[in-house]
Amino acid sequence: MTIRTNHYEVAFEAFLREEKIPYIAVDERRRALLGSGSLKNLDFIASPSGGDMSWLIDIKGRKFPSGRRNRYWKNWTTTDDLQSLSQWQRLLGPQFRGLLVFAYDVVGDMAPVPERLLFSHQDRLYAFIGVRLDLYLAWARKISPRWKTMAMPTKAFRQLAEPLQITLQTPIVSGGDFDRRRLSETMPAIA
């Protein structure tokens, strides 16, 4: 394990280890140089067994619910995160796909996934929800020009994102039809 101080990333790495998903943890302390600019590093590269592609993962830690008014399904990110993840995907080629993972620290009575999919780590409960970068980009809207943040509408996010256990267990073939993956009859919906 890499030395990390962000509890969302620490929990996610423990989740990958428990699920026996091969992965590389990326050192994010320095931005990668690209031409005259730089790229924000992603957090993990995960290569689930049974497929011929890998996920380029950026972790977004959120509480569930969050804020004073108990808001659910917060899924904002920065334009820098989206641009950098898109660039990594282009640089590494078609066998790599961007994935935003919203690591929800479940602090209320409701959870975004069924109880059996919650992950307990260091006295916290987490729900990991993945949404493909291409879907996020298609639906994201600016929420703050000043902070350069974007988010998907809640309804679209709940329809297109899925519990990470499903994303990582579903074989994806590089170059195949990304939207026609084999779906299980028992696939849990995001609550």
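How many bridges join E5 to E7, and in which sense do the two strands run? There are 11 bridges between E5 and E7, and the two run parallel.

## Basis of the model

This is a predicted model, in which local features need pLDDT of at least 70 and side-chain atom pairs count only at pLDDT 80 or more, while totals for chains, interfaces and linings use all residues. Residues are numbered from 1 along each chain as its sequence is written, and side-chain values use heavy atoms, with hydrogens and water left out.

The pLDDT, which is the predictor's confidence in each residue on a scale from 0 to 100, has a mean of 86 over the chain, and 83% of the residues reach 70 or more. Where pLDDT is low, the predicted coordinates should not be read in detail.

## Strand E7 and its neighbours

Helices (H or I, at least four residues) and strands (E, at least two) are DSSP runs numbered from the N terminus, and two strands pair if DSSP finds at least two bridges between them. Beside its parallel pairing with E5, E7 is joined to E9 by 7 bridges in the antiparallel sense. Phenylalanine 64 stands opposite valine 106 in E7, and phenylalanine 102 has isoleucine 129 of E9 as its bridge partner.

In E7, 11 of its 11 residues are buried, that is, under 20% relative accessible area with a 1.4 Å probe and protein chains only, whereas exposed means over 50% and partly exposed lies in between. Both faces of the strand are covered, with residues including Leu100 and Tyr104 on one side and others, among them Arg97 and Asp105, on the other.

## Nonpolar cores

A nonpolar core is a set of buried Ala, Val, Leu, Ile, Met, Phe, Trp, Tyr and Cys residues joined through side-chain atoms within 4.5 Å. The largest has 31 residues, and those with the most contacts inside it are Tyr104, Val131, Tyr136 and Phe157. E7 gives the largest share of this core, 5 residues. A second, separate core of 22 residues includes Ala25, Phe44, Ala46 and Ile59.

Leaving aside residues up to four places away in sequence, valine 131 touches several residues, including Leu99, Phe102, Tyr136 and Phe157.

## Salt bridges

The whole structure holds 7 salt bridges, each a side-chain nitrogen of Lys or Arg within 4 Å of a carboxyl oxygen of Asp or Glu. In the pair of aspartate 58 and lysine 40, the closest N and O atoms are 3.1 Å apart. Aspartate 58 lies in strand E5 and lysine 40 in the loop between strands E3 and E4, so the pair ties together parts that are 18 residues apart in sequence.

Aspartate 81 in helix H2 and lysine 60 in strand E5 are 21 residues apart, and their salt bridge brings the closest N and O atoms to 2.7 Å. Aspartate 81 is buried at a relative accessible area of 7%, and lysine 60 is buried at 7%. Arginine 132 forms a salt bridge with aspartate 134 at 2.9 Å between the closest N and O atoms; arginine 132 counts as buried at 9% relative accessibility, whereas aspartate 134, at 38%, counts as partly exposed. Through shared partners, salt bridges join Lys40, Asp58, Lys60 and Asp81 into one network.

Definitions and conventions:
Contact = heavy atoms within 4.5 Å.
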